[in-house]
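I opened my notebook to look up a few helices and some record entries. Here is what I went through.

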Amino acid sequence: AEAGGPRDTAPGQQLRALFYALPPAESSFRTVEEVPDYVEKSIPFFITFIGLEFAVSWIQKRKLPGRINDGISSLSLGILSRLPDVLFRSIELISYIYVWNNYRLFELPWDSPWTWYLTLLGVDFAYYCFHRMSHEVNILWAAHQVHHSSEDYNLFTALRQSVLQKYTSWMFNLPMALFIPPSVFAVHLQFNLLYQFWIHTEVITKLGPLEWILNTPSHHRVHHGRNPYCIDKNYGGTLIIWDRIFGTFEAEDAKVVYGLTHPVNSFDPIMLQLRPLAHIWNTFWATPGFCNKLSVIFKGPGWGPGKPRLGLPEEIPVITGKEVPFNPHIPAYLNCYALVHFAVIVDLYTELLASMTMLSQGTVLMRIAFIILSLASFGLLMENKSKAGILEIIRCLVFIGVYKLGYFRSRFSFLGYAYEV
């Protein structure tokens, strides 16, 4: 295809996009509308790499890289984070285009390789700044902590995203809108996100000289650790150079224990999203003094009256190596049940994405509400909560009703009767 013209990304290009390996000539576009949805096109590779990770982990260690309950929780959070995009256009692009249209100072050429490389650095530096602030500002951490809540570390963890985070991250990209065309920004916004998928794994150890420049699985394992030496380190997205420059780099050393310093101990995606906000709310009202109340919101998650901005390092819980992940015992048949019904919800979610332009607003809202109800129900089932069974019976009855009325459709028509069963 000619530069700037409509084009389809071939499988090889989709794979290279996952590793930020599409050069300027292949990924430069005149308008935002021409930019492919690289994330959606990469979904088959997500699935392939997850399967490959399971196989390699079994060969290397004779064990799987994760657990069913944690995996379903991560995928549920990933689906939940994408549901607002069904109703609204990305706030990151909306805000960027608005600033570009009304306030840009000058316009770099969209088809210049130098613009492409400058945007690569700009998007990654903006991500570093936002990511660092998300760990150092309590209200931002309340959204970002969702991504760190898994006590496993695998490719499922990469999909564990916050619903709220995108409503603060957009501000960090706006300086680029003064001179970088939106179409170039839209490409690199996706590439930066896609690159961070494959670094969430334990099956890749060290990558030699690349460790000096790129963010790698080894560097990102440190970032996800709750060991004292891991806290607030390695914020980079694609490049690790920002951490080396600004003093936040830490090499992988002692065995990393994953998750939050104070684990949430829940698989309920709604609870994982909202509990930190409830904690801030309660702390805000319990803290005396107006300035202290503001500090609860805008200082670090470890802050308290009389403490430094980011809290006291000695208050970080010591890691003994004997930590046991939250893993309530449930019967094997219940794990199978959750897996099967979660697969049904994934089918309904993908069908919603494929047909949303042909559906009424009411039908879209009904499907979204049912998906949220289902994900919450699965979370409670995997926690073995006493009221989970009642909620699940209600959910199944609702499903039968709306499916019979034609408000739900599977992408695979032959599964209709099976779903009712």
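How much of residues 364-382 is helix, and how far apart are the end C-alpha atoms? I found 100% helix and 0% strand there, with the end C-alpha atoms 27 Å apart. Helices here are DSSP runs (H or I, at least four residues) and strands are E runs of at least two, numbered from the N terminus.

A note on my source: this is a predicted model, where local features need pLDDT of at least 70, side-chain atom pairs count only at pLDDT 80 or more, and totals for chains, interfaces and linings use all residues. Residues are numbered from 1 along each chain as its sequence is written, and side-chain values use heavy atoms, with hydrogens and water left out.

Next I checked UniProt, whose unreviewed entry places "transmembrane region" at residues 364-382 and 388-407. Such annotations may be inferred rather than shown by experiment. Residues 388-407 came out as 85% helix and 0% strand, with end C-alpha atoms 25 Å apart.

Then I looked at a helix pair. The axes of α6 (residues 113-136) and α10 (residues 182-195) come within 9 Å and cross at roughly 50°; axes are lines fitted to C-alpha atoms over the stretch in contact, with angles from 0 to 180 degrees between N-to-C directions. That makes α6 oblique to α10 (under 35 degrees is roughly parallel, over 145 roughly antiparallel, 65 to 115 roughly perpendicular, the rest oblique).

Which residues meet? Among them are Trp116 and Leu120 in α6, and Phe185 and Leu189 in α10; contact means heavy atoms within 4.5 Å.
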